[in-house]
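Reader: I would like to learn how to read a model of two chains. Where do we begin?
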Amino acid sequence: MSEHRIELTVNGNRHIARVEARTSLGEFLRDTLGYTGTHLACEHGVCGACTVMVDGDAMRSCLTLAVQADGAAVTTVEGLAQADGTLHPVQQALRDNFGLQCGFCTPGVAITMAAVTRDNEGADSGAMEEGLTQAMSGHICRCTGYQGIRRAIRQLAGVSA
Amino acid sequence: MNVHMKSVGAARYVGERTPRKEYGRLLTGRGQFTDDVRVPGMLHVAFVRSAVARGRILGIDTAAARDMPGVQAVYTQADLAAVPVTFQTFFFTPAEAPVTLLADGRVACVGDPVAMVIAESRAQAEDAAALVEVAIEEETPVVTIADARTGPLVHPDRDDNIAAEMGDEDSREAVQPLLDGAAHVVTMRVRHQRIAQSPMETRACLASPEGENEMTVWLGCQSPHLAARYIAQVMGLPQEAIRVIAKDVGGGFGLKNIPWKEEMAVIAAAKLLRRPVKWIEDRFEALTASSHAREQDVTLTVGFDGDARLQAAWCDYACNNGAWPMGEDANVAVHMFMWPCYKMPAYGFVTRGWYTNTMGLGAYRGPWAMESLVRETLLDKAARRIGIDPVELRRRNLLYLTDQPHTSTLGVPVEDITPGECLEKLVANVDFAAFRREQAEARKAGRYLGIGVATYVEPTGAAGSMAPMTGETVHLRVEPTGKVVAMLSTHSQGHGTATTMAQVIAEQLGVAYEDVAVYEGDSAIGAFGPGAAGSRQGVIAGGATWRAAQLLSEKVKQVAAHLTNASVEAITIEGGIVHVAGAPEMSRSLREIAEIAYGEPGRLPEGAPTGLEAQYRYQPPPMTMTSAAHCCIVEVDAETGFVKILRWISAEDCGTVINPGVVEGQIAGGLAQAIGQVLLEDMPYDARGNPLAATFKDYLMPTISDVPDFEYLHASTPSQTIGGMRGVGEGGCIIGPPTLVNAIADALSPFGEIEELVLPLTPARILDVIEQRDVSGTRAPAAEAKSAAPIVEEAPLVEAAPVASSSIDGDWAMVLKTPMGPQEMVGHFDTVGATVSGYLEAPEGRQEFSGGTLAGSQLRFEMKVEKPMKITLKYDLLFEGDAVSGKCKMGMFGSAKVTGTRA
């Protein structure tokens, strides 16, 4: 297998590594770098659990190769909260609204919500709610029936329940 | 009992939407799921699986795989046979199919594990697994239930493809005249698709050997205690040899009740290699090679009198058990729980599980849920047929509290269920009349709205009648720091037990919720409990923590009373501060009391133990019933057949609600799975036994756009348990499917009936009704299935050549096929003339009988038993030489087969 040297930052930390060309970004983050907060659940791009931000864009880390992230700034769920432990608003909204049960899909859900709320910053409540709900249709949660996720979306969008 | 126990502490936590304790780690990516655990020197597994459904293995060539980089071992069953494993069911009874870790000479389904490659990385293991060549002589597979009735044997050493069988054709004789005399007779056939449980975390196992027998196993499971006991038992190891850790598990839903072939193969391989070995299932394996669920074909016939009151019912149930079920299952619970919430005078059934060359049957949230689906959809069909409102039809037949105590025709006693009251609560909160007006207006405009209602009861919190279904333990202590630690037998795969149990403890002890730490998820913590199985943890562990916290509170009070020269009655604990009535200056923090209790034993009451600890194991009543009524409103697009769910209201009675957020989360999750079952999910097989849904693009999971906002009404009638809780884990998945089907059927009623319910109700199947033709192509293959040869019933017992009566005297090795699995026993008979006495002896004990009669070679005798409930067993045995066979009528359980030979 061909190996490549890559250099990237994850949650602001600098990493230099050699990776096989076929290694997915998700496997690389988990197995090589130890960011096990990113979960691989389907490995074919449908369920969304493995979503991370690559240069600010939410991406499926199971369908992205590690070599594609060479030079990129990656954010995983471990990087969402502030250094003092203050939760990111999407984490806080999920916490306030019972937005998770087993928590396996949650890292991807939180990353997508963080990317969408940032992209829609300043948008009106309706647009924010619609943007978040549409983005969530790309995530599968087997536990919650999406009730708490939808309430979290409304909280983030400033829509009264 | 302690139904209305008031809280000891002043702060209310029970009933609050307290944020879950697990959130801290799960929201920040710091949970510990099995694949997050790394052990030095750990190796990785990839399985080689059968690509054919049925056949003989001609050869397995592993040479190329062994030469691949990083490969440490390639094992087949010939290698793993060095680690004997005797598989058991969830009930700790022997698995009847010849289950082996890897295929032993034959393959019996696509996905059957044939070999395992163990390498330094998962990628290396997968590369090498692709090079293992398996030559199989393919045989015609048995795929469907219809195939199983007439096809070749799935397991060549067995007599037939019947995996399990209960019920009694004879009981039809009692029911048929009542059906014949009924004013209305309605039949409902349901063909339920095969479901892949699909927890978001696939199966996972990391086994790390630590000595001759000792091993730590990180496992995706539903109870580390049950898993540790299971692993030790099936491997013949001492229980203490196995420690199972499962801190975080990404959903179970019944699939992870017990470790199965792959997990046990990983454990065996670790033992052989003396290296830590990890296997993480991929999604393709999870969908096609994890145990599946449901796949049933059920016909229920019900007779009503002229006033739409229930008269009698008959049910024929068949379930595809696949090749390697995690317990052969005829699903007798479907029949037990078909009618306890209705006034049904007569009921009979036959129920069978069938072996086929498909992936084996596992559990799935509410495994007996078919009872609600077939009954409630039939009731709505009957209401339309009779011309009565479906709510009114239920009102005439449902049990209300004023009708109880009541015992169902199959002997299930109920005394505090509220299905009628839940229905009334629902009706009071949904304006049915307004909906009917809206529906009529909409129809004029070509829009088809429908409303569906369903009611049910659910057995929860079972304990004491089945080996794994036990009480729960809590070990509780106040640390020297004044903080509270609870060690629980519970397990959460998202259930939030750490949260709800901490709420109970904080309230009963009088401390802050934040000051209670809960540990679970490790077989070294707490004591035996089966974890999340049968909606039981809130009920039983809730009662255990409730009582343990009271016991601990008493200890604190005794120490405080001694230190302050006050009476115990004068002491209260509130917010972690211990108060003395009338002496506010004497208040001390719990920490001060704890420091003395641990560090200054001389200041304690004489003879008092040091420290502040309490332990309680709660054995609840054998069963606690939960009731509910649900209502759903849909719109069906008559052009496309698409269903949009507009509204869904749940009126449930789960007794004391510890945390509404957690309770509603359980209901909602079950309802989403119900929506998946009714509209989306399907694991079909082709005629050659290939599973056809291999990715989440084929196996359609409900997404946020498929699930509406749910509305909740909590009835909260306390149960008889400590704390008054009732289970709520499975209900949504049981009552959800009929509620939704009924709404769709109501919307479709201008076009016609859903005569035969085939799930999922895809748009094409809905167009079948709208266009009154076979748009979906469902009926064509169904007609073929119907033309298959009818099931060959067992020949009635014929008079065999009479044997000398004394020749049955002595010991017989007999096997009784019970719903929980085969029960081995020794039968001893003594004849005097035509009268027979004797005993049956099993490991659990010996039971005597007398007054049996021997006519020719036919022996009949009766025996009363107390467990699992009071029933009279009626044996009817036929002796032929050194063989005995026959049946045992087991009251509500129907009939079970008996076989045996002279001991």
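Author: Begin with the spacing of domains. 21 Å separate the C-alpha centres of domain 1 and domain 2 of chain A. The domain assignment puts domain 1 of chain A at 3-79 and domain 2 at 89-157. Keep in mind that this is a predicted model.

Reader: How many residues does each domain of chain A bring to the contact?

Author: Domain 1 of chain A brings 17 residues, and domain 2 of chain A brings 14 residues.

Reader: What area is buried between domain 1 and domain 2 of chain A?

Author: About 1200 Å² is buried there, and carbon and sulfur atoms give 63% of that area. Next, look for the residues that lose the most. In domain 1 of chain A these are His39(A), Met53(A) and Val77(A). Together they make up 37% of what that side buries against domain 2 of chain A.

Reader: Which strands of chain A supply at least two residues each to the side of domain 1 that touches domain 2?

Author: They are β3 (51-54) and β4 (57-60) of chain A. β3(A) gives the most to that side of domain 1, with 3 residues. By class, the side of domain 1 of chain A that touches domain 2 has 9 nonpolar, 7 polar and 1 charged residues.

Reader: Let us step back to the whole of chain A. What order do its elements follow from the N terminus?

Author: The order is β-β-α-β-β-β-α-α-α-α.

Reader: Backbone angles next. Which residue of chain A has a positive phi although it is not a glycine?

Author: Asn11(A), with a phi of about 55 degrees. Asn11(A) sits in the loop between β1 (3-10) and β2 (13-20) of chain A.

Reader: On to chain B. How many helices and strands are there in chain B?

Author: Chain B has 21 helices and 37 strands. Apply the globule rule again. The radius of gyration of chain B is 29 Å, close to the 29 Å given for 903 residues, so chain B is as compact as a globular protein of that length. Its C-alpha atoms fill a box of roughly 85 × 75 × 70 Å, taken along the principal axes.

Reader: How is chain B divided into domains?

Author: Read the segments with care. Domain 1 of chain B is 23-30 + 464-581 + 591-618, and domain 2 is 34-139 + 202-249 + 256-289. Domain 3 of chain B is 366-461 + 623-777, and domain 4 is 805-902. The C-alpha centres of domain 1 and domain 4 of chain B lie 48 Å apart.

Reader: Last, the two chains together. How many residues of each chain are in contact?

Author: 56 residues of chain B are in contact with 42 residues of chain A. The area buried between the chains is about 4000 Å², and carbon and sulfur atoms give 57% of it. On the side of chain B, Leu27(B), Met200(B) and Ile704(B) lose the most area to chain A, together 22% of what that side buries.

Reader: What is the count of salt bridges between chain B and chain A?

Author: There are 8 salt bridges. One of them pairs Asp36(B) with Arg30(A), and their closest N and O atoms are 2.8 Å apart.

Reader: Which element gives the most to the side of chain B that touches chain A?

Author: α18(B) does, with 8 residues. By class, that side of chain B has 23 nonpolar, 19 polar and 14 charged residues.

Note on methods. Residues are numbered from 1 along each chain as its sequence is written. Chains are lettered from A and ligands numbered from 1 in the order in which they are written. This is a predicted model: local features need pLDDT of at least 70, side-chain atom pairs count only at pLDDT 80 or more; totals for chains, interfaces and linings use all residues. Side-chain values use heavy atoms; hydrogens and water are left out. Contact means heavy atoms within 4.5 Å. Buried area is the accessible area (1.4 Å probe) that two parts lose on being put together, summed over both. A salt bridge is a side-chain nitrogen of Lys or Arg within 4 Å of a carboxyl oxygen of Asp or Glu. Helices (H or I, at least four residues) and strands (E, at least two) are DSSP runs, numbered from the N terminus. Ala, Val, Leu, Ile, Met, Phe, Trp, Tyr, Cys and Pro count as nonpolar, Asp, Glu, Lys and Arg as charged, and the others, Gly among them, as polar. Domain bounds come from an automatic or database domain assignment. The radius of gyration is taken over C-alpha atoms; the globule rule is 2.2 Å times the number of residues to the power 0.38.
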